[in-house]
Amino acid sequence: MNSINILLLNFKETRRRSINVWKGIPSEYLHWKPDAKAMSCIEMIRHVLEGEHLFHTIIKNRGNLGDYTSPWKDLAFIDVDHEVQFAESYKTELYTMIEQLSVNDLKDIVIHREEVNQVKELGDYLNRMVYHEAVHTGQLLSYLRTLHIKRPQVWD
């Protein structure tokens, strides 16, 4: 297994486990949040999915967001299935881009984000994308624990 295959496996496994957690949130708790400044469950799910698209756009533009407008901008919150379905084509596009990379691309392509003074190799940037999702999945597990809701099994 090469680096590209490992990256894809990590993306797919992280998403599979995230969806498992997301679908374990009872619908009556989708808008719950631990405090006024926190994201609600459904907002956090959207944040992960929208963030993935944003990160992918940053990669495609090598760091320049330009006049980026989120496809989620005017999308109403409905439920987890709706969020996942809406993001499906964007996720597929990201995976296709990753599949077309060479192992050298992971080091040779550099993402330079001037607005945050960040310069990262593509491989590093892709790993940070997956980490972002994993962190928020952990937060949602914590939300469920706080609510005394049975948490879905993520370690299968």
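Predicted model: local features only at pLDDT ≥ 70, side-chain atom pairs only at ≥ 80, totals over all residues.
Residues are numbered from 1 along each chain as its sequence is written, and side-chain values use heavy atoms, with hydrogens and water left out.

A pocket is an open set with protein on both sides within 12 Å along at least five of seven lines, and lining residues have an atom within 4 Å of a point. Grid points are joined across faces, edges and corners, and a volume is the space filled by probe spheres set on the points. Two cavities of 30 Å³ or more are present. The largest cavity has a volume of about 60 Å³. Its lining consists of R15, L49, E52, H53, H56, W72, A87, Y90, K91 and L94. Helix 2 (41–60) and helix 3 (80–99) are the elements that give two or more residues to this lining; helices (H or I, at least four residues) and strands (E, at least two) are DSSP runs, numbered from the N terminus. By class, five lining residues of the largest cavity are nonpolar, two are polar and three are charged. In this classification Ala, Val, Leu, Ile, Met, Phe, Trp, Tyr, Cys and Pro count as nonpolar, Asp, Glu, Lys and Arg as charged, and the others, Gly among them, as polar.

The second largest cavity has a volume of about 50 Å³. F11, R15, V48, G51, E52, F55, M129, H132 and E133 line the second largest cavity. At least two lining residues come from each of helix 1 (3–23), helix 2 and helix 5 (122–146), and helix 2 gives the most, with four residues. The lining of the second largest cavity divides into four nonpolar, two polar and three charged residues.

The largest pocket has a volume of about 160 Å³. The residues that line the largest pocket are E13, T14, R17, S18, A134, T137, G138, L141, V154 and W155. Helix 1 and helix 5 are the elements that give two or more residues to the lining of this pocket. Four of the pocket-lining residues are nonpolar, four are polar and two are charged.

A salt bridge was assigned where a side-chain nitrogen of Lys or Arg lies within 4 Å of a carboxyl oxygen of Asp or Glu. By this rule the count comes to 13 salt bridges. In helix 1, R16 and E13 lie three residues apart, about one turn of the helix, and form a salt bridge with the closest N and O atoms 2.7 Å apart. Relative accessible area is 37% for R16 and 26% for E13, and both residues are partly exposed; buried means under 20%, exposed over 50% and partly exposed in between (1.4 Å probe, protein chains only).

The side chains of E93 and K60 meet in a salt bridge at 2.8 Å, N to O. E93 lies in helix 3 and K60 in helix 2, so this pair ties together parts that are 33 residues apart in sequence. E93 is partly exposed at 36% relative accessibility, and K60 is partly exposed at 43%.

D124 and R128 form a salt bridge in which the closest N and O atoms are 2.5 Å apart. These two residues are four residues apart in helix 5, and therefore separated by about one helical turn. D124 is partly exposed, with a relative accessible area of 30%, and R128 is partly exposed, with 40%. Salt bridges that share partners also join E13, R16, R17 and D156 into one network.

M1, I6 and L9 make a nonpolar surface patch of about 340 Å². Patches are made of residues with over 30% relative accessible area and no salt bridge, with like charges joined within 9 Å and nonpolar side chains (Val, Leu, Ile, Met, Phe, Trp, Tyr) within 5 Å. Accessible areas come from the Shrake-Rupley method with a 1.4 Å probe, and for residues only the protein chains shown count as cover. I6 lies in helix 1 and is partly exposed, with a relative accessible area of 47%.

Positive phi values occur at N117 and H148, neither of them a glycine. Phi of N117 is near 50°, and N117 is found in the loop between strand 1 (110–113) and strand 2 (118–121). N117 is exposed, with a relative accessible area of 71%. H148, with phi of about 60°, is placed in the segment after helix 5 and is exposed at 74% relative accessible area.

How values were computed. 1 Å grid on protein atoms, 1.4 Å probe; cavity = no way out; pocket = protein on both sides within 12 Å on 5 of 7 lines; lining within 4 Å.
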